[in-house]
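Could you walk me through this protein in the viewer, one selection at a time? I would like to know what to pick next and what is there.

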Amino acid sequence: MPRPRKKKPGKIETLGDRIRRYRLAKGLTQAELAKLVGASQRMINYYEVHGVSPPPDLVVKIADALDASIDELFGRKPRARRAAPAAPASESLRRRRRLKRLNELPRDEQSAVLKMIDALADRSKRKASG
């Protein structure tokens with residue numbers, strides 16, 4: 001698990017800081033992000049840690065991979081989000097990691113897990129309405 005970075009008082013968040021924040025929120029490693037955007041893990045590290053700015057075409061790919069707008073990456077206005085309340089970052093990260101593990105299971109075991117989720121959701125819905 002990556003060590004949280006300490007922000008220096010008065011330090012302005014850089015493009016690299018925002019890329020890192022969005023990447024961690026998405027539950028991706030630098031290597032995974034690099035693979036998604038067609039770059040090396042070393043270059044992602046340079047962007048995040050050393051303040052090197054990626055070329056514009058790569059910024060677009062990074063924004064798409066992180067499900068963020070270019071404005072968000074550059075620290076401008078936040079993109080409008082869905083009305084549903086967002087889960088805490090740690091909860092969301094845990095859920096994404098579990099979904100990754102689910103995708104690694106054989107199809108029949110994936111199906112069994114999904115059927116169990118459906119059954120529990122149906123039971124919960126019946127309890128709430130009855």
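Here is a short tour that starts with the whole chain and then goes from helix to helix.

**Whole chain.** Keep in mind that this is a predicted model. Colour by secondary structure and you will find seven helices and zero strands, which read along the sequence as α-α-α-α-α-α-α. The protein has 130 residues, and 25% of them count as buried. As for contacts between residues at least 6 apart in sequence, 45% of them join residues at least 24 apart.

**The largest nonpolar core.** Now select Ile19, Leu33, Val37, Ile62, Leu66 and Leu73, and show their side chains. The largest nonpolar core has 17 residues, and these six touch the most other members. At least two core residues come from each of helix H1 (15–25), helix H2 (30–37), helix H3 (41–49) and helix H4 (56–65). Which helix gives the largest share of this core? That is H4, with five residues.

Stay with Ile19 for a moment and display its neighbours. Leaving aside residues up to four places away in sequence, Ile19 touches Leu33, Tyr47, Glu48, Pro54, Ile62, Leu66 and Leu73.

**Helix H1.** Select residues 15–25 next. Is H1 largely enclosed or largely open? Eight of its 11 residues are buried, so H1 is largely enclosed by the rest of the structure. To see them, pick Leu15, Gly16, Asp17, Arg18, Ile19, Arg20, Tyr22 and Arg23. These buried residues of H1 pack against H2, H3, H4 and helix H5 (70–73). Then step just past the end of H1 to Gly27, where phi is positive, at about 75 degrees.

**Arg23.** Go back into helix H1 and centre on Arg23. Is this arginine buried or exposed? Arg23 counts as buried because its relative accessibility is 5%, and the cut-off for buried is under 20%. Its contacts, not counting residues up to four places away in sequence, are Leu28, Thr29, Gln30, Leu33, Glu48 and Leu66.

**Helix H3.** Move on to the buried residues of H3, which are Ile44, Tyr47 and Glu48. Look down the helix axis: these residues cover an arc of only 95 degrees, which means that they lie on the same side of H3. H1, H2 and H4 are included in what covers them. After H3 comes Gly51, another stop for checking backbone angles, with a positive phi near 80 degrees.

**A patch on the surface.** Finally, select Leu105, Val113, Leu114 and Ile117. Together they form a nonpolar patch on the surface, with about 300 Å² of accessible area. Val113 has its place in helix H7 (residues 107–129).

Notes
Residues numbered from 1 in each chain as written. Predicted model: local features only at pLDDT ≥ 70, side-chain atom pairs only at ≥ 80, totals over all residues. Heavy atoms only, no water. Patch = residues over 30% accessible without salt bridge, like charges linked within 9 Å, V, L, I, M, F, W, Y side chains within 5 Å. Areas by Shrake-Rupley, 256 points an atom, 1.4 Å probe, with all protein chains shown as cover. Salt bridge = Lys/Arg side-chain N within 4 Å of Asp/Glu carboxyl O. Helix = DSSP H or I, 4+ residues; strand = E, 2+ residues; numbered from the N terminus. Core = buried A, V, L, I, M, F, W, Y, C linked by side-chain atoms within 4.5 Å. Buried < 20%, exposed > 50% of the residue type's maximum accessible area, 1.4 Å probe, protein only. Contact = heavy atoms within 4.5 Å. Arc of directions from axis to C-beta.
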